[in-house]
Amino acid sequence: MSENVDININGKDMKAPKGSLLIDKLLDENIHIPHFCYHQALGKDGNCRMCMVEIEGQKRPQISCDTPIKDGMIVRTTGKNIEKVRRDILELELINHPIDCPTCDQAGECKLQDYYMESGFYESRMNLESKNHARKREDLGANVMLDQERCVLCTRCVRFCSDITKTNELGVISRADHSVIGTFPGKPLSNPYAMNVVDLCPVGALTSKDFRFKQRVWFLETFNAICNGCAKGCNIYVDHRKEKYKDDVIYRFRPRVNKEVNGWFMCDEGRLSYAKENENRFTTAIVEGSESNVSNAIAQTFSKISNDGKTLFLLDGNLSLEEIKNLKSFANILNANISAYSPNSIDEDFGDDYLRNKDRRANTKSFEKLEINQSKEYFEESLKSCDNIIIIGNDYFDENLDLLDSKNSIGIFSHNTLTIKKCSIAIPMASFYEKSGTYINCDGIEQKVISKMKKNEPQLSVTNIIEELKSMIEKGDLL
Ligand code: SF4
Ligand code: SF4
Ligand code: FES
């Protein structure tokens, strides 16, 4: 650890690690500093010059992204002079900008727009006819569209592909004010993390083909969640909107910074998995082939369960720690076996040495922590001896439906599956983003999330369902 030294920013004394970048201190202290090219995940490049500050004793303003902190440094980010310098740089950035904010997907979360508004630049000195034009719709490859005219050439996208994914699809082509971002011939932007360049782009040059023109960002609300696409447990934002008289709809997942887990990024497959949360949901309970309300389905489940040791619970790896704990204690009450066998959850093709983990279950570590048996042998043995099987989210039987022929099967699912058709009772449950709970990722990091979805008909978590069954047992005469 480097030594902490005294510095003064905008008249306020503070400590900062000697030699660290001034811009990091400004960002960590939430001191407003306009910047395009610097990003904490990508480091400095020094090309945009937007992050200028005044440093006492220096003749000219300095870029804070390439200024190491020294003891006794006195820094100013505000004031007439430095604001004028930044405003002039911004004017330069805007010389060839197409000024198409009303039709730009980034409007509302665009750094160029924000800086323009705060610098009070309401009249342009540029003649619109003399602007350089470039391609407005350049398909870079899977999921990403480029508008070359809006680009400020910060090179964040280029550096992401060279330094983070090391796939090198992007580069700066041509010179001077004809410079544009583009892909190399025969090398589309198609790495599994490509869509992170959309978040990195500080302007509306790179947009997601999936999200563009679907929703204005200022109508969206956001809450924090954990991606359930694999055991990494990337931290995400869920951007959703509930329109009047309609149900809440998710429009996108975006990465949320957690330096311990996923840094600033997430994979494209996890990002696009939001779509399946809007589709194919299992929402109406079924009892003996007919639609039912959830209370009746739970009451019917109560009438079928017994503690004769002939019940098996089969759990899915995307349940929260709290749900698994509850299921375990319920299985104990029923003297039942409990298994988390899930042979389809390991996907060697998906795993890599960056974020994507071959274990496609979000909470396998919770099974280990709670000592839930995951072995094939235990599952097969328990299946042979059980009469009742309660399947919670696990898709094992989708490919083995005939194994349920002689069983009394009860399913609790968030999405429609083939297994539901074989269940005498099926109860809908909340999906991962609709419930609060704890997940332990592949590195043993425990993460708790609190859901804020506003569904018209909120689904019960497994904990709610089990609590109801337990209270029936306490009140009633089960068994
Ligand atoms: S496309 Fe966006 S991220 Fe890439 S250089 Fe241009 S402004 Fe920067
Ligand atoms: S790496 Fe895994 S947890 Fe992260 S976004 Fe992708 S699927 Fe989700
Ligand atoms: S952020 Fe410092 S020069 Fe671009």
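Strands (E, at least two residues) and helices (H or I, at least four) are DSSP runs, numbered from the N terminus.

I note for all entries that this is a predicted model, in which local features need pLDDT of at least 70, side-chain atom pairs count only at pLDDT 80 or more, and totals for chains, interfaces and linings use all residues. Residues are numbered from 1 along each chain as its sequence is written, and chains are lettered from A and ligands numbered from 1 in the order in which they are written.

**Around strand 9**

I followed strand 9 to its partner and found four bridges joining strand 8 to strand 9, which run antiparallel; two strands are taken to pair if DSSP finds at least two bridges between them. The bridge partner of isoleucine 173 in strand 9 is valine 180. The two strands form a hairpin with six residues between them, and serine 174 in the turn has a positive phi of about 70°.

I then looked at helix 4 (residues 156–164), whose buried residues are Arg156, Cys157, Val158, Phe160 and Cys161. These buried residues pack against strand 8 (170–173), strand 9 (180–183), helix 5 (196–200) and strand 10 (206–208), a contact being two residues whose C-beta atoms, placed from the backbone, lie within 7 Å. Lysine 166, which follows helix 4, has a positive phi near 55°.

I also checked another hairpin, formed by strand 6 and strand 7 with two residues between them, where asparagine 143 in the turn has a positive phi of about 75°. Three bridges join strand 6 (residues 138–141) to strand 7 (residues 144–146) in the antiparallel sense, and aspartate 139 stands opposite methionine 145 in strand 7.

**The ligands**

For ligand 1 I found 13 residues around it, of which Cys151, Cys154, Cys157, Cys201 and Ala205 come nearest; a residue is near a molecule if its C-beta atom, placed from the backbone, lies within 6 Å of it. That shell divides into 11 nonpolar residues, one polar and one charged, where Ala, Val, Leu, Ile, Met, Phe, Trp, Tyr, Cys and Pro count as nonpolar, Asp, Glu, Lys and Arg as charged, and the others, Gly among them, as polar.

Ligand 2 also has 13 residues around it, and Cys227, Gly229, Cys234, Cys267 and Gly270 come nearest. By class, I recorded six nonpolar, four polar and three charged residues for the shell of ligand 2.

I looked up an open sheet of five strands, which has the order 2-1-5-3-4 with mixed pairing. Its edge strands are strand 2 (12–17) and strand 4 (62–63), each of which pairs on one side only. Within this sheet, strand 3 (residues 52–55) and strand 5 (residues 74–76) run antiparallel and are joined by two bridges, with glutamate 54 standing opposite arginine 76 in strand 5.

A second open sheet has seven strands in the order 15-14-20-19-18-16-17, again with mixed pairing. Strand 15 (290–292) and strand 17 (337–339) stand at its edges, each with a single partner strand, so one side of each is left without a neighbour in the sheet. Strand 18 (residues 388–392) and strand 19 (residues 408–413) pair in the parallel sense over five bridges, and isoleucine 389 stands opposite serine 409 in strand 19.

**Lysine 25**

Is lysine 25 buried or exposed? I found lysine 25 to be buried, because 22 other C-beta atoms lie within 10 Å. This residue lies in helix 1 (residues 22–28) and, leaving aside its neighbours within four places in sequence, is in contact with Ala16, Ser20 and Ile69.

**The whole chain**

Finally I noted that the protein chain has 12 helices and 22 strands, and that 41% of its 479 residues count as buried. The chain is divided into domain 1 (4–93), domain 2 (101–208) and domain 3 (285–475), with bounds that come from an automatic or database domain assignment.

Note on methods
A residue is buried if 20 or more other C-beta atoms lie within 10 Å of its own, exposed if 12 or fewer, and partly exposed in between; C-beta atoms are placed from the backbone.
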